[in-house]
Amino acid sequence: MTYAVETRDLTRIFAGKKRRFRRKARPNGSEDSQGPVTALDGVSLGINEGELFGMLGPNGAGKTTLIKILATLLLPTAGQAFVAGHDVAKDPFPIRQRINMVSGGETSGYGLLTARENIWMFSQFYGVPSKVSKERIDELMHVFGLWDKRDAKVRMLSTGQRQKMNMIRGFVTDPDILFLDEPTLGLDVNAARVIREYVMNWVRKRSGKTVLLTSHYMAEADQMCDRIAIIDKGRILACDTPANLKRMIRTDTTFQLEVDTIRDTSSFVGLRGVKNFSHKDDISKNRSHLTFILEDEGPVAEILSSITSQGAKVHSLQKSEPTLEDVFISMVGRGLD
Amino acid sequence: MSVATVRRTDLRYRIGLNLRAVVGRSYPRIVGANREPSWIFFEALLPLLGIAAYVFIYQFFGNQALAVIMQATPTAPFGMCGNNPCTDASQQAQYAAAVYSNTNALVASVVLGGTMVAFWLNVLWSMASQLYWEKEIGNLQLYMMAPMNRMALLGGMAVGGMVMTSMRAVSTLIAGVFVFGVIFQVANPLMLLAVFFATLIALYGLGMMFASLYLLWGREAWNLSALMEEPIFFSSGFYFPLGGLFRIPGWGPAVAIAGSFIPASIGLDALRQLTLGSTAFGGKLWIFDVTTELEILVVMAVLFLILARYALAYLETLAKREGKLTSRHQ
């Protein structure tokens, strides 16, 4: 079977940077440079045509690097990647005809042009006839609620409006495969909802359209994606439907605790029955939020005793159904924040 | 894989795609840039002040020379014609006419040079450094991801720059003619157009080549633009006929030859010959005849365009391999 997107043992290593001017030789004689960074480490995955595929991972996990390779902006160091059946390294032209990419927080375009003109300009780089382009822009501007701002100069648009404009730029070329790199980053709830709904409808209603979405928002990925890959340190840790991923840890028990801020979490490491845990501080309330993935309920008493021994008070304790976040914590060993 | 949309790849489609890309990329320059009316002040009126300085100096020297010719003294009743007294009124009138003609030719040279300065500055700051800025604002990766030919991107920038700057250059030229009363005599308008467009293509070809190199060198290249402003104004003869440098013994010819590698130098020399007549300045201050200069410009245009294509192809490969050029944070 051929995929819309396929990678085989894809590896990308960024060479370290050597400093051009060195002040002094180090006493141990070591090189004054940043070592190479492995952004992707043998990633193999296949995304089916018509699929809305999600990729979850913390900062620096390799999500953007993967998208850039698939968008023909980067070459892999090793392995292969295919988009629409074409090798990204050897045959980029037919890939570029079929893809588009939108990133969260993008500042592309020219401030002197209006939103409409900017999108039209980018559509011309894909050879979309002007009339077709303008019709699509008008239609998409209505859908995304940007019609009122169609003739506003881009520099006058808010972050949310600008991101909607970027989304329209992504759709106006009618790509077969769309890469969305954290598209709702920094958007208000309403704007994010509009974007999510349009993307889901686009994939479901238009035959053969594929989306690869990276997101920081677990709920977003859970709601939107047919399948999700969890990536960390350049490796795919799991890849399945959200339901199956949650099922993977269904035998586990998830506990969420809200306690006074605690500094030392080392006592939880290696505790019998604790598969993984995450720790997040809420400085404004002087509280810590702890999530534990446990084999069973056995270690709860020991956890509580460890917390109280630090002088911290437990404000709430909740047993919950596994969420995608729990799956993530279970696999990565920490939350996304 | 059953692709959702059948995509064309034939030659006709590719030509259409790249023409649309050229139009698309030139649009912000042609339409967007003129949305800021301040350009009239900064790019049409301010350059006139720069031109005015040279014009007034040349006019001052012209008036001085004229005063010497017209000044009757007991030993030279018809004034001085060179180092000797004029023999009669007709020789005096002949010398005065020559001085007047040379002064007009110098002032016209300055106005033409000032007009071409607009193109050179556009090439330096809006062409050569453009890809670097595109990278900074996040456009470059979107350009590199699009199916258009990379030369269409540079071509769009160049066409936009030419059109935008032509409007500014023409306004400077018209203002120069009306303010300083310069008289141009165009005997061969077709040749003039040919030289003008060959100069622009060669000049923007150079800018296209620089665009890739600037991106490669990053911020250091920014300083290179600043460095290339004033010295090039001088070595390319923007405010005087470049051939004059050949008459300066020692360093003069070396500077003139170095400056001639900028297409504007040769182009300006040819344009001056075509608008002032090749006999202006006694025909002694021109580098080559117009036909030879047009041939050189055509060679330069082709060469720079080829080099620009290879420089950008090299840069794109490097960018994809090292992953640090299309995105500002990598």
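This is a predicted model: local features need pLDDT of at least 70, side-chain atom pairs count only at pLDDT 80 or more; totals for chains, interfaces and linings use all residues.
**Entry 1: burial and overall layout**

I began by asking how much of chain A is buried. Of its 337 residues, 45% count as buried.

Next I looked up the extent of chain A. Its C-alpha atoms fill a box of roughly 70 × 55 × 45 Å along the principal axes. I also found 10 helices and 14 strands in the secondary structure of chain A.

Then I checked the contacts in chain A that have a separation of 6 or more. Residues 24 or more positions apart account for 74% of them.

**Entry 2: domains**

I looked up how chain A is divided. Domain 1 covers 5–14 + 37–242, and domain 2 covers 251–321. Taken over C-alpha atoms, the centres of domain 1 and domain 2 of chain A are separated by 37 Å.

**Entry 3: a sheet in chain A**

Here I followed an open sheet of 6 strands in chain A, with mixed pairing and the order 6-7-8-3-9-10. Which strands stand at its edges? They are strand 6 and strand 10 (235–240) of chain A; each has a single partner strand, so one side of each is left without a neighbour in the sheet. From one strand to the next, the twist averages 15°.

A reminder for myself: strands of a sheet pair through backbone hydrogen bonds, either parallel or antiparallel.

**Entry 4: strand 6**

I stayed with strand 6 of chain A for a while. Is strand 6 (residues 99–103) largely enclosed or left open? I found that 5 of its 5 residues are buried, so strand 6 of chain A is largely enclosed by the rest of the structure.

In a regular strand the side chains alternate between the two faces of the sheet.

How does strand 6 of chain A run relative to strand 7 (residues 177–181), parallel or antiparallel? The two run parallel, joined by 5 bridges. Looking at individual positions, I saw A:V102 opposite A:L180 in strand 7 of chain A. For A:S103, the bridge partner in strand 7 is A:D181.

Helix 5 (residues 159–172) of chain A lies across strand 6 and strand 7, running at about 170° to strand 6. Helix 1 (residues 63–70) of chain A lies across several strands, including strand 6 and strand 7, and runs at about 155° to strand 7.

**Entry 5: the nonpolar core**

In soluble globular proteins, nonpolar side chains tend to be buried together. With that in mind, I turned to the largest nonpolar core, which has 176 residues. Which of them touch the most other members? They are A:L70, A:V83 and A:I168.

Helix 3 (residues 89–128) of chain B gives the largest share of this core, 16 residues. Domain 1 and domain 2 of chain A both give residues to the core, so it lies between them.

I then picked out A:L70. Leaving aside residues up to four places away in sequence, A:L70 touches A:V5, A:A81, A:V83, A:V88 and A:F179. Another core, of 6 residues, lies apart from the largest one; B:I69 and B:M80 are among its members.

**Entry 6: where the chains meet**

Last, I looked at chain A and chain B together. I found 35 residues of chain A in contact with 36 residues of chain B. On the side of chain A that touches chain B, helix 2 (92–98) and helix 3 (115–124) of chain A each supply at least two residues. Helix 2 of chain A gives the most, with 5 residues. The residues on this side of chain A divide into 18 nonpolar, 10 polar and 7 charged.

Methods. Residues are numbered from 1 along each chain as its sequence is written. Chains are lettered from A and ligands numbered from 1 in the order in which they are written. Domain bounds come from an automatic or database domain assignment. A residue is buried if 20 or more other C-beta atoms lie within 10 Å of its own, exposed if 12 or fewer, and partly exposed in between; C-beta atoms are placed from the backbone. Helices (H or I, at least four residues) and strands (E, at least two) are DSSP runs, numbered from the N terminus. Two strands pair if DSSP finds at least two bridges between them. Two residues are in contact if their C-beta atoms, placed from the backbone, lie within 7 Å. Ala, Val, Leu, Ile, Met, Phe, Trp, Tyr, Cys and Pro count as nonpolar, Asp, Glu, Lys and Arg as charged, and the others, Gly among them, as polar. Axes are lines fitted to C-alpha atoms, for helices over the stretch in contact, and angles run from 0 to 180 degrees between N-to-C directions. A nonpolar core is a set of buried Ala, Val, Leu, Ile, Met, Phe, Trp, Tyr and Cys residues joined through C-beta atoms within 7 Å.
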